[in-house]
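Hi everyone, thanks for coming.

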Amino acid sequence: MSMLLEERFLSYLRVERGLSPNTLTAYRSDLAKLSSFARTCGKDLLSLHRDDLAAFLRALHKNGLDPKSIARTLVAVRGFFKFLIRDAHLKVDPSSNLEAPKSWQSLPHFLASDEVARLLSAPDISTDLGLRDKTMLEVLYATGLRVTELVSLTAGNLNLDLGFLTVFGKGGKERAVPLGMSAVEWTRKYIAIRPRLLARDKTAAALFITDGGHTLSRQAFWRLVVWYGEKVGIGHITPHLLRHSFATHLLENGADLRSVQMMLGHSDISTTQIYTHITNERLREIYQKFHPRA
């Protein structure tokens, strides 16, 4: 019965949620671990309680699983039990309000606002390639896109008049993300000089291209971000750091979690909640630093 439920859940994820084969493989592995743990407790998946699931997470940690993998496993477990509730196999969700202890979690790093400003000013906008790089950095910070999503953009994804872009994220799901006035302005400037980068290839579909008219690869953009970070003295940074900064700065300035989830393209809000831990830590640091009775 347990195995049948797991397969139904995975089929639901594949057909209705459109998750990728790699993600499905990861979920299958996570559920296999949970099922094995349940058997050692003399139970099946339907009879597990919240304390059992907490013990399961502790066992993963004790066995050396890294915090990021534990967090991913927790997402799979929550999704599975929500599915069981939806299909009336359970009345009470044992994974409700279940969290991995914060001491296990590896909180994402992010850039301070002044560091973002320094990074965005790093490219030499007097050159065509510098203007391209400036635009890519502006768009990345304005939208929180994944690198693959950024380098896959075409002119058809843009609506500069209304100030947003559309993108196909994980699982082929389309979402619209606001672009912001600064990113719109730089994108217009880049589009004006883009024909000079096309060279002989007049059919390049990608928005961001090399000086030979080819699509800029995610690896090439990754190297550019690292180089610009070192150029302005921030150190070794990655494109994903800008995605983390995008989400953190939104929440710090009052954005609601559900909106940030939609803009990031997270299928589960628990993935987005990691950024609330960052902002809570920041508030605690500020309190400790400035409150006279802290």
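**A walk through the model**

Let's start with Ala-88, which counts as exposed because its relative accessibility is 67%; exposed means over 50% relative accessible area, buried means under 20%, and partly exposed is in between, with a 1.4 Å probe and protein chains only. Ala-88 sits in the loop between α4 (67-86) and α5. Its phi is near 65°, a positive value in a residue other than glycine. Most residues other than glycine have a negative phi.

Some housekeeping. This is a predicted model, so local features need pLDDT of at least 70 and side-chain atom pairs count only at pLDDT 80 or more, while totals for chains, interfaces and linings use all residues. Residues are numbered from 1 along each chain as its sequence is written, and side-chain values use heavy atoms, with hydrogens and water left out.

Now the overall picture. The protein has 14 helices and 3 strands; these are DSSP runs numbered from the N terminus, with helices being H or I of at least four residues and strands E of at least two. Of its 294 residues, 46% are buried.

What about the inside? The largest nonpolar core has 52 residues, and Leu-150, Leu-165 and Phe-221 touch the most other members. A nonpolar core here is a set of buried Ala, Val, Leu, Ile, Met, Phe, Trp, Tyr and Cys residues joined through side-chain atoms within 4.5 Å. A second, separate core has 30 residues, including Phe-9 and Leu-13.

Which residues is Leu-150 in contact with, leaving aside its neighbours within four places in sequence? They are Met-136, Val-139, Leu-140, Leu-145, Phe-208 and Phe-221, where contact means heavy atoms within 4.5 Å.

Next, helix α8, residues 181-193. Among its buried residues are Trp-186 and Tyr-190. The elements that cover the buried residues of α8 include α6 (128-143), β1 (158-159) and α9 (195-198).

Last stop: α5 (residues 113-120) and α6. Their axes come within 9 Å and cross at roughly 150°; axes are lines fitted to C-alpha atoms, for helices over the stretch in contact, and angles run from 0 to 180 degrees between N-to-C directions. That makes α5 roughly antiparallel to α6, a label for angles over 145 degrees. On the α5 side, the contact is made by Val-116, Leu-119 and Leu-120, and on the α6 side by Lys-134, Leu-137, Glu-138 and Tyr-141.

Key: Parallel < 35°, antiparallel > 145°, perpendicular 65-115°, else oblique.
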